[in-house]
Amino acid sequence: MREISYRDALREALREEMQRDPTVFLLGEDIGRYWGGAFKVTKGLAEEFGDERVRDTPISESAIVGAAVGAAITGMRPVAEIMFGDLTTLAMDQIVNQAAKIRYMFGGQAKAPLVIRTPFGGGVNIAAHHSQCLEAWFMHVPGLQVVVPSTPYDAKGLLKTAIRNDNPVIFCEHKLLYPITGPVPDEEYTLPFGVADIKREGNDVTIVATLYMVHKALKAAEELEKDGISVEIVDPRTLVPLDKETIINSVKKTGRVVIVTEDCKTAGVSAEIAAVIAEKALDYLDAPIKRVANPDVPIPFSPPLESFVIPDEKRIIEAVREVVY
Amino acid sequence: MIPSKEKLLEMYRKMLEIRQFEEKVYELYGQNLVPGTIHLYAGQEAVAVGICANLRRGDYIVSTHRGHGHCIAKGADLKRVMAEILGKKTGYCKGKGGSMHIADFSVGILGATGVVGAGIPIAVGTGLSIKLRGTDQVVACFFGDGASNQGTFHEGINMAAIWKLPVLFVCENNLYAMGTRQSRVMLIEKISERAAAYGIPGVTVDGNDVLAVYEAAREAVERAKRGEGPTLIECKTYRHKGHSRMDPATYRPKGEIEYWLKKDPIPRFKSKLLEMGILTEEEAKWIEGEVSRGIEEAVKFALESPYPEPEEALKEVYV
């Protein structure tokens, strides 16, 4: 199978959905012909589909998301790009109070089929305003669906599903994932929401990891294998809906679990997953649930500071060793 | 341009309908039949009716927390509005929205938002949708003087301006953002002057003169349909009651209410219609009676309707 980058996989999904459905259009800051998106995901699409459907916007995050909401409830399928996940804060009312609630609050009259694509995550030394992982905030809002693809294959299949989906979707990308390559079939496919993927099978310990942490966990697993520790890696792929069953089944099999996410530990993604495991599989655990996440600090700039904060293979390995005894 | 006789009478009737509806809601609230709070539209009827008289069924409006009047003017069913306000299953939102969140997508009412200024970007997106779909629809976005101090006002109007979207930004300046008088939070008197910052026309009209509002909206709709973009229409008006049901509105200076009651849009329009020979006192009485029967029917429907089943609370979060 051919291998393409996460970035190209996302672009293919956008292109195919725009070809398939004339109501799909893109809007965001510098996504058009002059720049092609800060991370080049939309590069070339304006030339192909025109400036009307690949729409550069002013720096107005609240209006970008609001415009997506208004367009979505009147028959369009907008895909908005927020240049950095940190900047979703500027659109929080439109995301949380408008997009998420417009269906429920109006008694099911409306649907808001919009996607907000945005890159989260650190590791590129751009400090506290451009490096956060805020997925957990959106998990807390009924009405939103939250997608966290870790591979080119998942990114393409899930983005196509997100666009066809009738609910507002927060599509979380990760800056370090864009250049990563992986197998993506030539033929058309979509991936369902709420279905986790076992990225590596194993028997001794389960690692639940998301986004870029999946790749660090895979490397850690290779190291651990040398010591005879067999690691299973579960990638939820979507946080809302969350495939609890696959997580629980893996934990039942291994009896030990480490949850690895790049957000702050307190009330983070790992907290929810840990709670699910505690509620549903406590009796199967042979060791306490272990979480590897960012300490509760803003992301610092200087490379040694940032590397210290964001989980790495070493921390994952240490955590696994703590529960495999 | 004066509308046709039929249209004028319909506008008068709608204004009466809104006034009587709001008076009835006020009364029901006093009898503890309305949960939560209410923000009454009484006094501002000329704005909703003057704007919506220019809209067709397929055109859109985006409403606010003070939205009963907008919805009635756009063609909402009084029964289902009243039922929603009372939290009943037969209400527009099946009891999930209430007074601040009435919507009827079948007649282009895209819903009322409880967050001041939040409807502005949504109206921009609706305008964008119209442009991309290539229809000749327009969208009217209602908001108050308070909302014009929100960031969404700046972001949204600028965006609609650069893309020349078919949006009417209708600022209902009723002098107060809750209890805060306009002069305490902005140094200009005419909010329409802000339009200049976006390179679009801004007009200020007497919001208690339904024909003045109608004319401003007519021009804005024509401009929008010509593809020339949005207009900011500021309607100077006044709410007769406080901000919400529990607000005695003691922050208003002495004599102010009396001054505005003299400018009440409904008697003014009635005098005008009598003067124009379009309406007789007898016809006016007949219309009043008919409107009042319609309100009574709405109240009866709402009161007799069941409350939703509690488990309904868990439905319709997702498609």
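**Helix packing, chain contact and sheet architecture**

Just after helix H4 of chain B, Gly87(B) adopts a positive phi of about 80°. The model described here is predicted. The buried positions comprise Leu78(B), Lys79(B), Arg80(B), Val81(B), Met82(B), Ala83(B), Glu84(B) and Ile85(B). The cover over these residues includes three helices of chain B, namely H1 (5-30), H3 (68-74) and H11 (281-304).

Chain B also meets chain A, with 35 residues of chain B in contact with 35 residues of chain A. On the chain B side, strand S2 (109-112), helix H5 (119-133) and helix H6 (151-162) each supply at least two residues. Of the elements on this side, H5(B) gives the most, with 10 residues. By class, the side of chain B that touches chain A has 19 nonpolar, 11 polar and 5 charged residues.

Within chain A, the axes of helix H1 (residues 6-20) and helix H7 (residues 152-164) come within 8 Å and cross at roughly 25°. Because angles under 35 degrees count as roughly parallel, H1(A) and H7(A) are roughly parallel to each other. The crossing of H1(A) past H7(A) is right-handed. Helix H1(A) contributes Tyr6(A), Ala9(A), Leu10(A), Glu12(A), Ala13(A), Glu16(A) and Glu17(A) to the contact, while H7(A) contributes Pro152(A), Ala155(A), Lys156(A), Leu159(A), Lys160(A) and Ile163(A). This contact of H1(A) with H7(A) has 8 nonpolar and 5 charged residues, and no polar ones. In general, an α-helix has 3.6 residues a turn, so residues three or four places apart point the same way.

Chain A further contains an open sheet of 5 strands in the order S9-S11-S10-S13-S14, with mixed pairing. Its edge strands are S9 (197-200) and S14 (290-294) of chain A, each of which pairs on one side only. Neighbouring strands of this sheet are turned against each other by 25° on average, direction ignored. Strand S13 (residues 257-264) of chain A is joined to S14(A) by 4 bridges, and the two strands run parallel. Among the residues involved, Val260(A) has Val292(A) of S14(A) as its bridge partner. Helix H10 (residues 269-281) of chain A lies across strand S10 (205-209), S13 and S14 of chain A, and runs at about 155° to S13(A).

Terms used
Residues are numbered from 1 along each chain as its sequence is written. Chains are lettered from A and ligands numbered from 1 in the order in which they are written. This is a predicted model: local features need pLDDT of at least 70, side-chain atom pairs count only at pLDDT 80 or more; totals for chains, interfaces and linings use all residues. Axes are lines fitted to C-alpha atoms, for helices over the stretch in contact, and angles run from 0 to 180 degrees between N-to-C directions. Angles under 35 degrees count as roughly parallel, over 145 as roughly antiparallel, 65 to 115 as roughly perpendicular and the rest as oblique. A crossing is left-handed if the near helix is turned anticlockwise from the far one by less than a right angle, and right-handed if clockwise. Two residues are in contact if their C-beta atoms, placed from the backbone, lie within 7 Å. Ala, Val, Leu, Ile, Met, Phe, Trp, Tyr, Cys and Pro count as nonpolar, Asp, Glu, Lys and Arg as charged, and the others, Gly among them, as polar. A residue is buried if 20 or more other C-beta atoms lie within 10 Å of its own, exposed if 12 or fewer, and partly exposed in between; C-beta atoms are placed from the backbone. Two strands pair if DSSP finds at least two bridges between them.
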